Amino acid sequence: MAAEATPVQERFGPYGGRFVPEVLMSVLDELSAAWSQARVDDAFQGELTRLLRDYVGRPTPLWAAERLSERVGRRVYLKREDLAHTGAHKINNAVGQALLAKRMGKQRVIAETGAGQHGVATATACALMGLECAVYMGSEDTRRQRPNVDRMKLLGAEVVPVEAGARTLKEAVSAAIRDWVASSATTHYVIGSAVGPAPYPALVRDLQRVIGDEARSQALEAEGNLPKRVIACVGGGSNAIGTFTAFLDDPVELIGVEAAGEGLDSGRHGASLAAGATGVLHGAFSAVLADEQGQILEAHSVSAGLDYPGVGPEHAHLRDSGRATYVAVTDVDALHAFRELCRLEGIVPALEPSHAIAWLLENPGKGDGFDILTLSGRGDKDLDEALAKLDELDG
Amino acid sequence: MADQEAATAAATGEQRILDAFAAARAQGRAALMPYMMGGFPDQATATVIARAYSESGADLIELGVPYSDPLADGPVIHAAGTTALAAGATLESALETCAAVSGDVPVVLMAYANMLLAVGPERFASDAAAAGAAGVIVPDLPIDEAGEIGEALIGAGLALVPLLAPSTPPERRAEICSRGQGFVYVVSTAGTTGERDELPGGLAELVRAAQGDAAVPVAVGFGIGTPEQAASVGEVADGVIIGSRLVRAVSDAPDAEAAAAAVSEFLRATGDALKG
Ligand SMILES: Cc1ncc(COP(=O)(O)O)c(C=O)c1O
């Protein structure tokens, strides 16, 4: 029996909302209504479940990482989103939103991308469903994530380089929103993280919560118990909120790891929750990096996916309420953890979750029980950049 | 004369805006409201441009406060804001330009929500009022989010000018219009700011519908780049806003004098076209 359609959450405490040009208000209403219906529609959910299982390869394994566990002194499980089709959790959201776009009768899809993982995931979902696809990407990111640019083009997407500002994720999101302001009648914007105006933060959370739902039941099966800590990296916050949501009502510590870049004191970082202000970016009221006049600051991180001066509004609320804790890890520590995981587990992680690994290595759990860490993606895309940086560090 | 000056000083921002529209209407034409970017390309030139606007037929001036992430703006205005910020523009410097002309012509500021929230809506409003601003347009603040910001502006005697888009459904349009202060800003097309070869077909109907809903004048902006387009919009709308075309003229000019001459020439031609 189908559940009752309920409104999609627009606010998280004081955070969230819709700070967008009036032109977008009606399409956001339309999207909100469409998601409210689709998420309780048996046919839609059936098709989404089938795609996640047979196309994406879900459930992804919960890997008992033995050598990593030995190293930190407490059992650690890795939720293997790197094994999902296209190599990151981004595909969960992209497939869901592309399906929703089709349901809404939109033939064209746009997306922004930083690391390129969300762009590849969206290009993939569009190829699968026969949708036209354009992906906005800062030209600094097209340089450092070259393999993903080639992949998107091969999949039939148009990659639009964005030259504004620092030429990274923030400007790519802005460019996608400007496209959408003019094209929303025929185009769906597949935002890549739990950010943006309502209903996006809730929509992306709903599509990513499969990570935590699976991990929770896999953990109960393996251990007969809940984890002590659940750890995930936070860029815009989609893999983290997708992991945390299943555990919100459990006695489990939730830890989000942001990018400290060159150090929180250097001013060159991506830690909007740990070291930012409150304000509006890309349509939502949340934690942001901004100066005292409200000008948005450039973020900095070695990992393109964390190189963003904002974060999803639900995380700002979880921070304020104390339900989740947010910490930050530097470029250097993340790079070392990147190599460490390769050698301990034979897994090449993306630089984004390498931040979470680094935090775990520095903060091993005490006592019995076990931890879960979401390994949000694989590191093939990062090899050139990471190896060059590690060479520099090794001297 | 002295009485009149005292009356001007005492009038609320909204009243000064309404008076400017009424004066244009009395001459049988739409009001001309050129947009400029504060601090662009530098502070001294920006103030020269504001004076040129005021002396070349502007009934009101829309003054953009440069912002790092202007989601409603197209490439020309976005780039101008970036240049202005790089040249050191701030809210204070934009307000200095406002103060330089606000005694001659009502100035409506255009500022993004985060700028008001960062300095605090009350402080923003009192600083703007002290600089003589008459109203504020916040392009990423739909009526649903206006709460605290709206109250602060009204409290300081400033009008919060709402925007209306072609995609706004009729019920919501009526709601927006009923809250309109000073004027209602109709965005001509679904898109960001920028010149357009053609304005959309349904614009006249949209403007008439808004006029039916609103107790205040209705002005049209986004996409108007020639005197002819201004004249055709001015046949229905109570006011015409011209942005990117003028900002482009300032970008293209070699110096402040040339920039002032270029915008003055364009505004005079547009003023003539509006008189019909
Ligand atoms: C592998 C991976 N992890 C994490 C992120 C950060 O995004 P989010 O915080 O939305 O999960 C990205 C973004 O590109 C990514 O590619």
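**Note on the predicted model and its ligand site**

1. Chain B has an average pLDDT of 95, with 96% of the residues scoring at least 70; pLDDT is the predictor's confidence in each residue, from 0 to 100. The model scores ipTM 0.95 and pTM 0.96.

2. This is a predicted model, in which local features need pLDDT of at least 70 and side-chain atom pairs count only at pLDDT 80 or more, while totals for chains, interfaces and linings use all residues. Residues are numbered from 1 along each chain as its sequence is written, and side-chain values use heavy atoms, without hydrogens and water.

3. Over residues 1-8 of chain B, pLDDT stays under 50, and the model has 1 contact beyond four places in sequence for them (contact: heavy atoms within 4.5 Å). Where pLDDT is low, the predicted coordinates should not be read in detail.

4. Around the ligand are 18 residues, of which A:Ser193, A:Gly235, A:Gly237, A:Ser238 and A:Ser376 come nearest (a heavy atom within 4 Å). By class, this shell has 5 nonpolar, 11 polar and 2 charged residues, with Gly counted as polar.

5. An oxygen atom of the ligand lies 2.7 Å from a backbone N or O atom of A:Gly237. For A:Gly236, the corresponding backbone distance is 3.2 Å. A polar side-chain atom of A:Ser238 lies 2.7 Å from a ligand oxygen atom. These are polar contacts (N or O atoms within 3.5 Å). The protein buries 97% of the 390 Å² that the ligand exposes when taken alone (Shrake-Rupley method, 1.4 Å probe).

Methods:
Chains lettered and ligands numbered in written order. Polar contact = N/O pair within 3.5 Å; in protein donor to acceptor, adjacent residues only side chain to side chain.
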